[in-house]
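Here's a quick briefing to read alongside the model. Take a look at the chains first, then come back for the notes.

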Amino acid sequence: MSEQAAERLEAELRRQTDAARAAQSRYLSELAATAAANRPDPGLETFRSQPEQEPAMAVLTDTALPAEQRVEVLRRLGASLSRRAEYIEALLAIVRDRGDDAAVRSVALQTLGGAAFQVVRFRPHQQAYDDVLHDLVDDPVPELRETAVGVLAQQHDPVVQATLLGALRGDGPLPVERERAILLLAEDDHLDNLPWLQELYRNDSASVRAEAVRFMGSYPDAEPTLEGILRNKDEAPSVRQQSGAALRFLTPERFEAVAKEISTDPSDDPDVRTACLSALQHLGDTDRLYADADFVNRVREVRGDESAPQLAQVARDLLAQRPEP
Amino acid sequence: MQIAIAIANPDAAGRNYLTWAPVRATARVVDPVGADPVAVTVSNDDAQAGGQLEFAAERDEPRTGSLDLTLPADGTPVEFWVAGVVGRASSADGDAVLRVANPGEAVALTTKAVMVRVRKDANELGAAERDRFTTALAKLNDQGAGLFQNFRDMHRQPLALNQAHGAPGFLSWHRAYLLDLERELQRIDPSVTLPYWRFDRPAPRLFAADFLGRTGPFGDVIFSATNLLRQWNTDGAPGISRRPQFNVQNSGAFVSDDGTTLAMGGLPPDAIFDTGTDSGGFDEMEGDPHGFAHTSFAGWIRSTGTAPRDPLFFLLHCNVDRLWALWQWFNNRFDGTLPRAYFFRGSAGSAVATDIGHNLLDTMWPWNNVTGFPRPGNAPRTPFPAVPTATAPGPAPTVGDMIDYQGLLNAQSDMNFAYDDVPYGVAPSNPPG
Amino acid sequence: MTAPNAPMSETDLGALIDRLRHAPGGADELAALLPESLPIYRNRSAAEMGRLRGYLLAAFADTGVPQAALPFVLESLATGHVAVEVAGAAVGLRGLAAPTADILAALLRAVDNLAGADATISFEQCQPVWPYRRPTTALTEVVRTVGHFGSRAAAIRPQLELLARQRERFPGPVLKEIQDVLDRLAGCVPEPPAPGHSCCAGPALREQPPGDTTMHAVLEDQDARATSFGEFFRGRPSIVAFFYTRCDNPYKCSLTISKLAALQNRLAERGMAGAVRLAAITYDPDFDLPNRLRRYGADRGVRFGEDARFFRVTTGFQEIRQRFDLGVNYGPSTVNRHRSEVYLLNDEGGIAAAFTRQQWDVAAVLAAVENLAQTSSTGMDGPSGRIVTVWKSNSVSSV
């Protein structure tokens, strides 16, 4: 980079950082003014903080202030606030408080989630954070319920799993949509998910069916179902493609046989054919693939099919990469 | 008459991959005509197309678009230095072509095709670059059977996560993590680099079916028929769970912008990496923008133990690393032995130390192959992969080894990666240290 | 007592545990419920198994801990990764008056294992409903158990003091529990732990049953090559571990296979690479296809070859399960619980030694291999040419 270009870049970064600092400084002044204008919460003397953080906590914890103002504290200062143990406790209290504004609670939860990434620093609070998530499972605010249930389910939390399973069986209310509940349980392949996924597959939405099929890919017992879906020309292409991926994971050899048929079947959907051929081209035993002379001949017939240009291109690429005999 | 060009650190196939860091090269006469020295000019073969190169006679001299050399007739090599031009990276392997010609003549005596290979903004990638990346990544994953699962397993259990989070080694560990992955991708396709996700800006082309997937009405992540990432599989389960909580078409994630991030830890010349306390250093960026980028989604990327199951994780962290690189350039922070570049400058046994794996002289798990509490029980990736294009960071890098990634202080530290918008060197007005 | 065979709901099994904890002879009847391979544990989810295990172990606090139960308790402390299970083991140990040294070591190990894995749990009932009326945490219960042992836990006072100083690692209530224990220890006269080892109690190995058809079981290895059990496991001694690639407990399968790779290296260093075969057999043959077996082993350092192979059993898995009396059970989709198990087989494929349930030690397995070699060479085999031995060491149990 020329010296002039470097100088221009430095000048631009200076401008950006100076502007950021100035904006931060203005904001902190506004915060201090807002905090001073309101009665201080007697609990604040417990916050041993840097000067700018004490007004921030005063504004954040003042439920009389507009929610937007409190959310802005979290957006602008939430990360630095959550590096201190006492402030994390305050954030947890905000999330737990069902009387507080939903938007503030939601962003506080998001802030805590970001703090949780600082694993070593967050460790003393992890269990309290999990407890708050458990508390949110029956929270009146749907967004909070969904977030909590999602995070816990991904961790294979047994408490939320028991709640979801019981609710699906009719024992208690579902904290999230039925479809979502099934998919969240499916995050743990050590549960008996296949019957629920089979129920989900009967859904009207192709999007839902695609997700059901995706998670079926953890269960060898689902292989016949997945092959059937992949072959089903009446099923949405997106669902069939997902089924192909799941089938390939469970039984690569069976997928290979089916994919060879579908990819060279001119009556089948071009996208499904393309996905099958692409998987054959890049993954698995390509030596065996190229040794199948009959298949290679069928691919040759595909390469000039301009009614399916993407498929034709994949066919040409596959043939071009074939090793010399 | 023939001229031979050799550029240091070629790969096994003799190809060269350059960044912005200068690399040693030589030119020599192969079949002299007469005994007189030969005057040549080294330049770019096509100044309009492809990656662009610049040259210097000495490593630390200013570089120019052409360089005049005088080559002895006896074939003695003449040294020069070559690097990519910032802002003119390659978009395909071998599209940066060095030419040697007699001065003023159009006909080249010899050419050498190389690649100026740097990490780029994912949202700005061309279709071919994007497809090469997604294909290489999908092959590394190999539907769960590939090496990718090792990378996932490095970021899973609590003891593993301790090695890399919540303490100042966060940035070094993840820099090594990304480079390890990138080098494995380059074994599959040497033209590939890890792109970064500029999370403070909209990235609609990234969250699309042709790239990392478009999220459908029910949170299904949809890939196009030719996108091999549809075969993605981690932990024995197909697909990806990801639902952005922001509008990916017209908004960035819920993060601070680059200017705010770069201002963390103070401004030049006083900027500090970490202070040894809760706050005051650049390492606070682990919370914002890093943590907030993660929590701008529902799905795997929202939680530490599941985040690397989503390939977006690596593009997110590539931007985190880019921000660190930019901060380093802006503030001249390449010498880890200086207080402002790293606070805990000893090792885990030092008088003033933090958690193991986060002191400057600590080696980093898993590459150090140290297992057993407080390290995890096994080491999924060890040693750190050696590549012909760079000798650094070595088989068991320390936290400190990851700081001088372009070889500014020590040429041997050059790790052969760079960012398209982060130049080599330091910002002009910064004093050393 | 014979454990019930009929299916029982989790609620009913919890009620049974509650009855037994207050019944005469309940300790032995509870201990009879511990083996994970019992039919009552079939078709349960892994989560259910964790809850039941924790609740069952905690019941020993009321009944006392019979010898037969101790290896199970130590297993859950040292290799449990689910908070309720670890907590149950810790609580159950309060049925002992005095700990052995390995019990104290296991409690400390549990503290390390719970880093990042602690959770709020409750034993108010087998399936507690949130919010819990009597919440506690696994770390809290581990520390309280140390306190329960009082002066007999003095040997680990230095480790407790170290934990007390790690203020960034633990939440306030746990730190307070640790300090309470230290305060009590400061005021008492230290006593040594009880003598002996707790890990190794249990029945002797089973003899190979008559009419055993295991040798004909068909195996497929990591390269999709077929062989039979007899073909691979006869002719030379071998070491075989059981595992599955979807195991989510970092202290079990992943560690087992990593140690198997370490064992392979040690055998090679001693020039025994070809003399002893190495193998691992998956509990999950339908899912663990050859490429998964290969990847799993290679990732953990195993070098595959003619004498080092991973297998899935394509025919005859039930026979193998019975022959080894495998400590495994299955939910509707996959394994729901298993113990750590590694076996030394003699050159006729008979079980010469078993390393089960506790964390096994590479050195102990090597010693067993060398002992087997010496025993074979001195002709001390039994009349059938098989050896059945139980090894008494810290790392070996035969439960």
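Predicted model: local features only at pLDDT ≥ 70, side-chain atom pairs only at ≥ 80, totals over all residues.

Residues are numbered from 1 along each chain as its sequence is written, while chains are lettered from A and ligands numbered from 1 in the order in which they are written.

**Chain B against chain A**

- Chain B puts 58 residues in contact with 62 residues of chain A, where contact is two C-beta atoms, placed from the backbone, within 7 Å.
- On the chain B side, α1 (127–141), α3 (158–162), β13 (237–238), α5 (258–262) and α6 (287–294) each bring at least two residues to the side that touches chain A. Helices here are DSSP runs of H or I with at least four residues, strands are runs of E with at least two, and both are numbered from the N terminus.
- The largest share of that side comes from α6(B), with six residues.
- By type, the side of chain B that touches chain A splits into 22 nonpolar, 25 polar and 11 charged residues. Nonpolar covers Ala, Val, Leu, Ile, Met, Phe, Trp, Tyr, Cys and Pro, charged covers Asp, Glu, Lys and Arg, and the others, Gly among them, are polar.

**Chain C against chain A**

- This contact draws on 24 residues from chain C and 21 residues from chain A.
- Helix α3 (residues 46–58) of chain C gives the most to the chain C side, with four residues.
- The side of chain C that touches chain A is made up of eight nonpolar, 10 polar and six charged residues.

**Chain C on its own**

- Chain C has 15 helices and 11 strands.
- Of its 399 residues, 52% count as buried, meaning 20 or more other C-beta atoms within 10 Å of a residue's own, with C-beta atoms placed from the backbone.
- Among chain C contacts between residues at least 6 apart in sequence, 76% join residues at least 24 apart.
- The domain assignment gives domain 1 (10–186) and domain 2 (214–377) in chain C, with bounds that come from an automatic or database assignment.
- Taken over C-alpha atoms, the centres of domain 1 and domain 2 of chain C are 30 Å apart.
- Where those domains of chain C meet, 17 residues of domain 1 are in contact with 19 residues of domain 2.
- On the domain 1 side, α3 and α5 (70–79) of chain C each supply at least two residues, and α5(C) gives the most, with five.
- That side of domain 1 of chain C divides into seven nonpolar, six polar and four charged residues.

**A closer look at Ala115(C)**

- Ala115(C) sits in the loop between α7 (101–113) and β1 (120–121) of chain C.
- Why does Ala115(C) count as buried? Because 21 other C-beta atoms lie within 10 Å.
- Setting aside neighbours within four places in sequence, Ala115(C) is in contact with Pro158(B) and Leu159(B).
- Val313(C) is 198 residues from Ala115(C) along the chain, and their C-alpha atoms are 36 Å apart.

**A sheet in chain B**

- Five strands of chain B form an open sheet in the order β2-β9-β8-β4-β6, with mixed pairing; strands pair if DSSP finds at least two bridges between them.
- β2 (17–18) and β6 (66–71) of chain B are the edge strands, each pairing on one side only.
- β2(B) runs parallel to β9 (residues 110–116) of chain B, and two bridges join them.
- Tyr17(B) has Met115(B) as its bridge partner in β9(B).

Notes:
Buried ≥ 20, exposed ≤ 12 C-beta atoms within 10 Å, placed from the backbone.
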